[in-house]
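Colleague: I would like to go through the terms used for this structure and see what backs each of them. Please set each value against its definition.

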Amino acid sequence: MAQAVPIERKWWSGGKSPFNVEYGKLMMWYFLMSDAFTFGAFLISYGTIRFSSNSWPNPNHVFRAFPFTEANLPLAFVSLMTFILIMSSVTMVLAVHEGHLMNRRGVVKWLAWTIVGGLAFLGCQAWEWTHLYHHGAWWGHNPFPNANGSQASTNFSNFFFTITGFHGFHVFSGVVINIIMLLMAWNGAFDRRGHYLMIEKAGLYWHFVDLVWVFVFLCFYLI
Amino acid sequence: MEQHHHTFSPEVSVITHHDSGTKKIWKTFWLLLVITLIELFLGLTMYWFPHMADWLHTAVKGVIIILSLAKAFYIVSIFMHLGDEIRNMIMTIVVPLMLFVWFIGAFLWDGHSWKELRNDYDPYKKEQNTKKAEPKEHEEGQKPGHLE
């Protein structure tokens, strides 16, 4: 915010970044903005098709399975996935925080937990996809009837697998980025560089993945 | 400030130690968790009371959407530290995203209009909506989907 900038400093007179952020970080923000439009376009096309349908499958009836139990637990598993992702977002902020303090051990510790969280989320998603697949849902196949009992089109499965798949791909690439960051931090690359700004940029990407999940969770499971 | 200057990349002139403690992070975590639990509870009310009045149904969904936007705000502002950046930088990101207001409104409106038009002019579609789907027993015994 503005209080970070002393009044006498003339940001726009040249030689200094008017935004007081590193080039790479600013570009990461702009990349994430463009990615937000990509996800937004996916979710809005889903919404448009849903609005053009007379009825739609009820998520509480579709998403009600939980591993190792036959019980009817609507939304329980996806809530666990949401919790895992929020938790890994917290460990990522803590890694960034330790980076500001130039504490290598702290960065390594929290990044490792973030990677564990990301892998746990991917594992959950793999289980959910497998489960739905064995119930006959896949691209082009939708076994779930509409909420009013009428025959549903395959739109539901197509959008579900495409959008959660695209999100899962982001989680996967986020985990890969975090592993690279972990190895670099471990080897002291950021200490030699004199700053941990790279962790901040990886953190921005990771939080964005969590941010997108908020809306995927909203559009597919809650409403 | 100046002794920091040369150790950081030249673009960063002022290092803002905005997060001196982790208290704010954990506070945000609990906030996100509580909002998620409320959302979940509201989502389940639609399952527990399937014969809820239409207006109430819409209202519950509206509240869930608003709560999700609140979650998004906290993630972006606190976890991504956008709230700590310079206002002009925030605006270069937030202002283009305003396009979503038109984007969502226009497309959902169009979807709705398409539904109404087809119900008016396509008797087949309207008839399909009143027919019950053949019981498929999707709990078990459903043959798996096929990969083409």
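Colleague: Why are α1(A) and α5(B) called roughly parallel to each other?

Modeller: In this predicted model, α1(A) and helix α5 (residues 99-121) of chain B pack at an angle of about 25 degrees, and their axes are 7 Å apart. Axes are lines fitted to C-alpha atoms, for helices over the stretch in contact, and angles run from 0 to 180 degrees between N-to-C directions. Angles under 35 degrees count as roughly parallel, over 145 as roughly antiparallel, 65 to 115 as roughly perpendicular and the rest as oblique. The two helices are therefore roughly parallel.

Colleague: Which way does α1(A) pass α5(B)?

Modeller: The crossing is right-handed. A crossing is left-handed if the near helix is turned anticlockwise from the far one by less than a right angle, and right-handed if clockwise.

Colleague: What makes the contact between these two helices?

Modeller: Residues of α1(A), including A:G40, A:I44 and A:F51, meet residues of α5(B), among them B:F103, B:F107 and B:K115. Two residues are in contact if their C-beta atoms, placed from the backbone, lie within 7 Å. By class, this contact has 8 nonpolar, 5 polar and 2 charged residues. Ala, Val, Leu, Ile, Met, Phe, Trp, Tyr, Cys and Pro count as nonpolar, Asp, Glu, Lys and Arg as charged, and the others, Gly among them, as polar.

Colleague: How many residues of the two chains are in contact overall?

Modeller: There are 62 residues in chain A and 62 in chain B. On the side of chain A that touches chain B, α1(A) gives the most, with 10 residues. That side has 34 nonpolar, 25 polar and 3 charged residues.

Colleague: What makes α4(A) roughly antiparallel to α5(A)?

Modeller: Their axes come within 9 Å and cross at roughly 155 degrees. An angle over 145 counts as roughly antiparallel, so α4(A) is roughly antiparallel to α5(A). Here the crossing is left-handed. The contact has 16 nonpolar, 7 polar and 1 charged residues.

Colleague: How does the reach of α4(A) compare with the expected span?

Modeller: α4(A) has 31 residues and reaches 45 Å from its first C-alpha to its last, close to the expected 45 Å. The expected span is 1.5 Å times one less than the number of residues. For α1(A), with 29 residues, the reach is 41 Å, close to the expected 42 Å.

Colleague: Which residues of α1(A) are called buried?

Modeller: They are A:K25, A:W29, A:I44 and A:Y46. A residue is buried if 20 or more other C-beta atoms lie within 10 Å of its own, exposed if 12 or fewer, and partly exposed in between, with C-beta atoms placed from the backbone. The buried residues of α1(A) pack against α5 and α7 of chain A, together with α4 (87-97) and α5 of chain B. In α4(A), the buried residues include A:W110, A:L111 and A:F121, and their cover includes α3, α5 (155-186) and α7 of chain A.

Colleague: How many helices and strands does chain A have?

Modeller: Chain A comes to 7 helices and 0 strands. Helices (H or I, at least four residues) and strands (E, at least two) are DSSP runs, numbered from the N terminus.

Methods
Residues numbered from 1 in each chain as written. Chains lettered and ligands numbered in written order. Predicted model: local features only at pLDDT ≥ 70, side-chain atom pairs only at ≥ 80, totals over all residues.
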